[in-house]
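Please look over the model shown here and work through it by question and answer.

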Amino acid sequence: MKMSVDEFKKKYPALYDELFSRDKSMDLTLTFEKRIDDPWRGYVPGPIDYIRRAKSLEEALQVIDYLEKHGEITSDEARMYREKLLSEGIEAFGPRKEDNYYYKKALEYWRKLNLLQSSGGQQ
């Protein structure tokens, strides 16, 4: 990302003053690397994510009841989830999400990313 000195001054006035206050003729080149975002940042689990954490059919039904009662899903959605659950079973929503599921997935992502970066991006 290239930025003109004027843009830099507007965006970071205090830093600009600190960098350029001593020597106005200084030539400065700044390079910023794009930050690699966490793939789970801002992720909000949905009803199926919660159902996939259930350990039994009864627990999954309780999850659906809870989500409906608290306005997380509509009555129509709750009915649809119950019907699917009762006709196809809990497995119809995907494999069960074990404890620390998101932590493990994020850790797996960061390990792969670190390996890719340490090999110079050649894989």
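The dialogue below goes through this model, from its helices to its aromatic rings.

Student: Before we begin, what kind of model is this?
Tutor: Local features need pLDDT of at least 70 and side-chain atom pairs count only at pLDDT 80 or more, while totals for chains, interfaces and linings use all residues, since this is a predicted model. Residues are numbered from 1 along each chain as its sequence is written, and side-chain values use heavy atoms, with hydrogens and water left out.

Student: How many helices and how many strands does the protein have?
Tutor: Helices (H or I, at least four residues) and strands (E, at least two) are DSSP runs, numbered from the N terminus. From that end on, the elements run α-α-α-α-α-α. The totals are six helices and zero strands.

Student: How are helix H4 and helix H5 oriented to each other, roughly parallel or roughly antiparallel?
Tutor: Two packed helices are described by the angle between their axes and the distance between the axes. Helix H4 (residues 57-69) and helix H5 (residues 75-88) have their axes 9 Å apart and pack at an angle of about 175°, where axes are lines fitted to C-alpha atoms, for helices over the stretch in contact, and angles run from 0 to 180 degrees between N-to-C directions. Angles under 35 degrees count as roughly parallel, over 145 as roughly antiparallel, 65 to 115 as roughly perpendicular and the rest as oblique. H4 and H5 are therefore roughly antiparallel.

Student: How do the residues of the contact of H4 with H5 divide into nonpolar, polar and charged?
Tutor: Contact means heavy atoms within 4.5 Å, and the residues that make it include Leu57 and Ile64 of H4 and Tyr81 and Leu85 of H5. Ala, Val, Leu, Ile, Met, Phe, Trp, Tyr, Cys and Pro count as nonpolar, Asp, Glu, Lys and Arg as charged, and the others, Gly among them, as polar. The division is eight nonpolar, one polar and three charged.

Student: Is Ile73 buried or exposed?
Tutor: Ile73 is found in the loop between H4 and H5, and it touches Pro47, Ile64, Leu67, Glu68, Ala78 and Tyr81, not counting residues up to four places away in sequence. Buried means under 20% relative accessible area, exposed over 50%, and partly exposed in between (1.4 Å probe, protein chains only). At 6% relative accessibility, Ile73 is buried.

Student: And is Glu91 buried or exposed?
Tutor: Glu91 has its place in the loop between H5 and H6, and its C-alpha lies 9.6 Å from that of Leu57, although 34 residues separate the two in sequence. With a relative accessible area of 60%, Glu91 is exposed.

Student: Which kind of pair do the rings of Tyr43 and Tyr102 form?
Tutor: Rings of Phe, Tyr and Trp (its six-membered ring) pair if their centres lie within 6.5 Å; planes under 30 degrees apart count as stacked, over 60 as edge-to-face and the rest as tilted. By this rule there are five aromatic pairs. Because the centres of Tyr43 and Tyr102 are 5.5 Å apart and their planes stand at 45°, this pair is tilted.

Student: Where in the chain do Tyr43 and Tyr102 lie, and how many residues apart are they?
Tutor: Tyr43 is in the loop between helix H2 (13-20) and helix H3 (47-51), whereas Tyr102 is in helix H6 (residues 101-118). The pair thus links distant parts of the chain, and the separation is 59 residues.
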